[in-house]
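Please look over the structure shown below.

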Amino acid sequence: MSQGFDLRRIDRRIIFLLVLIAVVWPLIAPLRLPMDVSPPVQRLYDRIEEIPAGSIVMLAGDYSPDTMPELQPMTETFIRHAFRNDLRLVVACLWPASPPLVERALLPLAEEFGKVEGVDYVNLGYMAGGTVTLLGMGASIPNTFPTDYGGTPVRDIPLMQEVENFDDIAFVMEVSAGTPGTREWVQQVQSRYRVSLGSGTTAVGAPNFYPYVQSGQLVGLLGGLKGAAEYETLLEYPGDATKGMDAQSVVHALIVVFIILGNIAYFAARRRERAEAR
Amino acid sequence: MRREIPLAITFLIGVFMLVDFFVPHHGVSAAAEEMKQWGTIVIAASILLGVGNLIRVHFRKIRRKSDGWGYSIMTLASMAVMLYFGGPWGTIEEGSAFNWMFLNMQVPLQSTMFSLLAFFIASAAYRAFRLRSAEAGLLLIAAIIVMLGRVPLGQFLTRGLPEKATLPWLTETIMAYPNMAAFRGILMGAALGVMAMGLRIILGIERSYLGGEK
Amino acid sequence: MERTCVALAVAALLTVSLAGTAGAQEAPVEEALLDAAPPDSVAPAAPGALAARDYLDSNDAGDKIELDWELSPDDGEGSCDVVAYRLWRSQSASSPGELVTELSPGQTHYVDQNLEPGAQYYYSITAYDGTNESAPIACAPVSGRVNLFQTTRLSILVLMAVFFALVLIFTKLAERGAELFVRRIPGLNAIEEAVGRATEMGRPVLYVPGIGEIDNIMTIASLTILSHVAKITARYETPLIVPTARAVVMSAAEEVVKQAYAEVGQPDAYNPDNIRYLSDAQFAFAGAVNGIMLREKPAANLYMGAFWAESLLLAETGFEAGAIQVAGTAMVSQLPFFVTSCDFTLMGEELYAASAYLSREPKLLGGLKGSDWMKVVTIALMALGAILNFMGFESFVNWFQTQ
Amino acid sequence: MNWLQLLFNGPPGTPASVVWGFWVAAILTICIYSFLYKDNPLYKFAESLFVGLGAAYWLALLYHETLVPKLIHPLFPGDSGDPVMWIRIFPGILAIFMLLRFFPKLSWLSRWALGFIVGMYSAVNITGFAQGDFVAQIYATMTTPLRSGGALEITLNIVSIIGVFAVLIYFFFSKEHKGVLGGVAKLGIWFLMVAFGASFGYTVMGRVSLLIGRMQFMLRDWLHIIE
């Protein structure tokens, strides 16, 4: 048992160091690996392309800083997509941390595209209540969000004169990190009010939502940083997600190697123990 | 009476919201809409309750000088400072001190906390994820395909092969068929569980949420 | 070209929204508009046919009318003359009535809301270029019908009623003491073997009830299983360590374990110091449990309840320490880590089934049996539907479409 | 030299508050990462800060974004010209009841508020799950295309219908898993394992992405090493 070098006894901190190197090195010296686009991302992009200019779309930001690296690129790219196609944008959040995070992407992009607050876009901010808030929006968005993020009453906002409920929204993009999130939007809004819904989620949540993609309840799905990078590729505007893909590749390879090595060490040790026992 | 009234409220509001789902009449939907607005207010109060509880726990820790009470002072102090900027008299918008604290303190703390998991998962990959059975083997093989196929590396490794032999195609096929089927089964089973629970709550069979008899 | 068109539309909408509210501001905006588009006296071509119908195929409160029209030839790619469509609504055929809304170019769809159910409305639409308006295009009068039931949701109501009936019938049967068969969950055997091994080795058993709150159904199910485990450890006189992350869960766990020890006649073997509150913070909790694993060397680690990201920290250390590990959770994202690092895992509904099996509580059994037979109904329906759909009989399948 | 300039002043035109913000964020990031070496006071300090800031943030947002527009303004419109919405007195009372939990003698009243939201959420969950996760999934399974598409696609579609059945049967507890039923249940496990494998891969991806995001911040915004 004690003979020789036992692969299983490596200090965790050495593993941590290897992971750190695997992340930092490709960030400093990019490998520029090729990028493919998966069907759910392509379908989401195509659906947004079909929306006539001038239509009102909604961005639902339901995430917090912990999942920002995955989801902020989706928010940014969707806003860019909407502004590029001259869609008007309403932002509504069920998570308290979302409004300032969306605002961080929204304000510079509005300036870049020359969009006017209150006319081309509005950030309605946060509202407590989760699922019940969604149902309230189904009846009346102005009653559910009486003021925007800055506290302006919605009846004083020109864009909101055209928005009563989901009948006036051509498409909803839900950027979701958990509950309330994609599942609640599908159940309460897409199912109940016939809304065209697309979603960007954390990688952890994405596999759960494939049934919704197959059934058409979601028109498309961005899963994790790779989904965000594919979306950036389609928009021909590589951002943080695309830049992170090389590091992502290297760390994945490292973890696959760890799993294989770990199992080899495990089975070797087991065989040795059995031999000793005999 | 202390239990009967809440149970009656639960029953009435529950049945009313069910009716609202099936009956589109204006009389129902107008009342239901106002109810939903009330829901957001009462939920907000319940969140206040949670935060209040947190404050109470830390005060208690400080008073009793229990383990790590110094950190509890830190927690309450940071809370007080942030509330000083963002309370009823303050402002929370872009450019405010409150916003600065959010972006430069809360954001890095929270996102770094969860990025620790990247290290932990790597360590567990090396030390604990084992092909201990045929089932676990199937799991790990699918995991490895997806891990490689969902990053550009997978495309790079299988470039030049026919489309249906590439890792990205294989990954998407796993996701869209067996993965989809299994999650649909889980979804439907979970839906039944939630519906049965909802029924028990509305009918007052399940009342553990009301807490113990006092 | 398209860009300027929309910019114009925005300017025009701005005029409209400002008009009336602030007279003083009217002039500059008007001027800006004049700068951008030289005044003309030619009205844009009228939009194409307008169609109005009761919204939701007569399935709503009757207060919404859905309108569709075809674009004016001057919209978009044409001469870019249209800056807005103006939709008019009237209660009589003779007058255009009031302006409902102005819509941006490119739009061909609108839902008019908050109308009086049953009243008859006449709609017309014009194309507008900022100064001139085209001839109105009208459509036949339309009214919304009041409905008392959403017929598209009939399938939901029927399936719900069947399911609820099953649940209530089985609950009643269980209350009356009927023998309701639930198969033994293999995970329970694994738990008992693990506890047995710990006893043989003379080392403690570690039971982590997750980090969920007490109202989490996984935590509740976990406490039922804890009671079962406590009875075995009490009989074998094996120490049982229960670390918790929530103060309320700790007191509940204390009650459960104490009672279990009393029930098997070993009240003195109960050691309150072994039920511990460690920390509310996720990673701090995981760190403290790992400390227990390394110091007190439990031979069996049981993880039952709601787990989040700390799952892999616990399972990794437990695996390293060489303990037998059995896990159970319905947190789907954590299941893969348990499956690959534990000897046995209760997956999803198995956790609830195990708790119903052990407690024999009527409400749990009723739910479990009701769900079971509903699954059978569902599979039969889906198989039948898929076959009928394949053969081209769509009416049966369409009954399940709820939109 | 230039790099030091960047580190302490940022690119030309950057306000000092932004540069300071990066420094604070970077230091806190390092405090958290110190946990990887071992649990230590720096980590505990950062953690307690995190808890306090998070609670304060939530309180402030609740007040400004929910309570003011929904409850306080409707009841006390001041000179804004809006009419008083008297009906909002009722949720106001329920909200106060909820907070009475803090006073042991009156805490039973909080059950009224609890009854209200639990009843509402139960009903909303019933209809939401029934429509979106149950009937809609039944319909989607029935309409899985079996006549269009290539042979491979049709085969995969049949496989996925069988997969749904097998997983549902795996979670069927009213009969012993023996014979045919046992075989189908076994098939169900395989489907579950492939799905959990996918879930595993995606979870790894997600966790790694978070680390990449942090490193992008450290290397770019703070240290100016990468673009």
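## A salt bridge within chain C

With which residue does C:Lys231 form a salt bridge? The partner is C:Glu263, and the closest N and O atoms of the two side chains are 3.3 Å apart. C:Lys231 belongs to helix α5 (residues 217–236) of chain C and C:Glu263 to helix α6 (residues 247–263) of chain C, so the pair ties together parts that are 32 residues apart in sequence. Here a salt bridge is a side-chain nitrogen of Lys or Arg within 4 Å of a carboxyl oxygen of Asp or Glu, and helices (H or I, at least four residues) are DSSP runs, numbered from the N terminus, as are strands (E, at least two). C:Lys231 is partly exposed at 23% relative accessibility, whereas C:Glu263 is exposed at 52%; buried means under 20% relative accessible area, exposed over 50%, and partly exposed in between, with a 1.4 Å probe and protein chains only.

## Basis of the values

This is a predicted model, in which local features need pLDDT of at least 70 and side-chain atom pairs count only at pLDDT 80 or more, while totals for chains, interfaces and linings use all residues. Residues are numbered from 1 along each chain as its sequence is written, chains are lettered from A and ligands numbered from 1 in the order in which they are written, and side-chain values use heavy atoms, with hydrogens and water left out.

## Other salt bridges

Over all chains, a search of the whole structure finds 39 salt bridges. Side chains of opposite charge can pair when their charged atoms come close. One of these salt bridges is between A:Arg183 and D:Asp133, at 3.8 Å from N to O. A:Arg183 lies in helix α7 (residues 182–193) of chain A and D:Asp133 in helix α5 (residues 110–142) of chain D, so the pair joins two chains. A:Arg183 is partly exposed, with a relative accessible area of 23%, but D:Asp133 is buried, with a value of 0%.

Within chain A, the side chains of A:Arg13 and A:Asp11 meet in a salt bridge at 3.5 Å, N to O; A:Arg13 is partly exposed at 37% relative accessibility, and A:Asp11 is partly exposed at 38%. A network of salt bridges links A:Arg12, B:Arg127, C:Glu316 and C:Glu320.

## The interface of chains B and D

Between chain B and chain D, 108 residues of chain B are in contact (heavy atoms within 4.5 Å) with 111 residues of chain D. The buried area, which is the accessible area (1.4 Å probe) that two parts lose on being put together, summed over both, is about 10,100 Å² here, and carbon and sulfur atoms give 82% of it.

Two salt bridges are counted between chain B and chain D, and one of the pairs between these chains is D:Arg88 with B:Glu34, whose closest N and O atoms are 2.8 Å apart. On the side of chain B that touches chain D, α7(B) gives the most, with 25 residues. The residues of that side divide into 70 nonpolar, 27 polar and 11 charged, where Ala, Val, Leu, Ile, Met, Phe, Trp, Tyr, Cys and Pro count as nonpolar, Asp, Glu, Lys and Arg as charged, and the others, Gly among them, as polar.

## A buried threonine

B:Thr10, in helix α1 of chain B, is buried, with a relative accessible area of 0%. Leaving aside neighbours within four places in sequence, the contacts of B:Thr10 include B:Tyr209, D:Gly115 and D:Gly119.
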